[in-house]
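Q: I am new to this structure. Could you show me how to read some of its features, one at a time?

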Amino acid sequence: MTSNARGPVVSRDAAVGSDARLSWLLAGVAGMVGAVAFLHSAGYFVTFMTGNTERGVLEWFTVSSEQQIAGAGAVAAITLLIAFVAGVAAASFCRRRFWRNHPHGPTVLTTAGLLLAAAIDFIYDGVTEEEVRFVPIILITFSIGALNTSFIKNGEVSVPLSYVTGTLVKLGQGIERHASGGGTVYDWLGYALLYTGFVGGAAVGGVVASMFPGPQVILAAGILCGITTIVTFLHSDRRAILG
């Protein structure tokens, strides 16, 4: 990314290069998992930490029960917040200590978390149960937290895969720069496609959640994430090692 007097200008490679294309896929995984977890549980958010934070605060007020707000209670919402942060912290630690030459190593942790969540739900309820239990939901939230550390630049997350609010803020800024002549189409195109990836994943999650039980879809998401891990190791991670 370069800059000019009006603000940053995003390069073509940063906007639509190989890492960007991978981020669209992983955002789709996050959207799919989030949709399935929401639809096949008591309305838990595994990607929407803003919503969990608001629930964690507002559920202590009587107006929440008076309004009969559906979804996770305060304790559950706070638990999911802790799980998400723990996933970010664990993946960040692994990146620093074990995955220095594997830029997308966190997908390994995400894959393991999703597969373990599906396995626990299968053990509890078998393969045909519609709902996903809360313990697997905690593991899924941990996994999504880990997934968000897949792209790091200068020690900080550069592409927050499930942080849709931040993506839309950057999208709006890029559109303004391009429209005012201070940027290019790449200032917003990458963010638009990242958002599209998340929306597409959520739509896929909605479709498959209406056809298959939740645990089966979580297992499928874990397998997809595992395949993605192999692909990234064979391509982008290998380039990082050789470079």
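Q: What share of the contacts in the protein chain with a separation of 6 or more comes from residues 24 or more positions apart?
A: In this predicted model, such residues account for 72% of those contacts.

Q: In what pattern do the helices and strands follow each other along the sequence?
A: The protein chain has ten helices and four strands. Their order is β-β-α-α-α-α-α-α-α-β-β-α-α-α.

Q: At what angle do helix 6 and helix 7 pack?
A: Angles over 145 degrees count as roughly antiparallel. Helix 6 (residues 106–125) and helix 7 (residues 134–147) pack at about 170 degrees, their axes 8 Å apart, so the two are roughly antiparallel.

Q: Which residues meet there?
A: Among them are Leu109, Leu116 and Ile120 in helix 6, and Leu139, Ile140 and Phe142 in helix 7. The residues of this contact divide into twelve nonpolar, four polar and one charged.

Q: How many aromatic pairs are there?
A: The count is four. One of them joins Tyr44 and Phe134: the ring centres are 5.0 Å apart and the planes stand at 50 degrees, so this pair is tilted. Tyr44 lies in the loop between helix 2 and helix 3, and Phe134 in helix 7, so the pair ties together parts 90 residues apart in sequence.

Q: Is Tyr44 buried or exposed?
A: Buried means under 20% relative accessible area. Tyr44, at 15%, therefore counts as buried, while Phe134, at 26%, is partly exposed.

Q: Which residues do ring pairs link into a cluster?
A: The cluster consists of Phe38, Phe45 and Phe48. The rings of Phe45 and Phe48 have planes at 80 degrees, so that pair is edge-to-face.

Methods:
Residues numbered from 1 in each chain as written. Predicted model: local features only at pLDDT ≥ 70, side-chain atom pairs only at ≥ 80, totals over all residues. Heavy atoms only, no water. Contact = heavy atoms within 4.5 Å. Axes fitted to C-alpha atoms, helices over the stretch in contact; angles between N-to-C directions. Parallel < 35°, antiparallel > 145°, perpendicular 65-115°, else oblique. Nonpolar A, V, L, I, M, F, W, Y, C, P; charged D, E, K, R; others polar. Phe/Tyr/Trp six-rings, centres within 6.5 Å; stacked < 30°, edge-to-face > 60°. Buried < 20%, exposed > 50% of the residue type's maximum accessible area, 1.4 Å probe, protein only.
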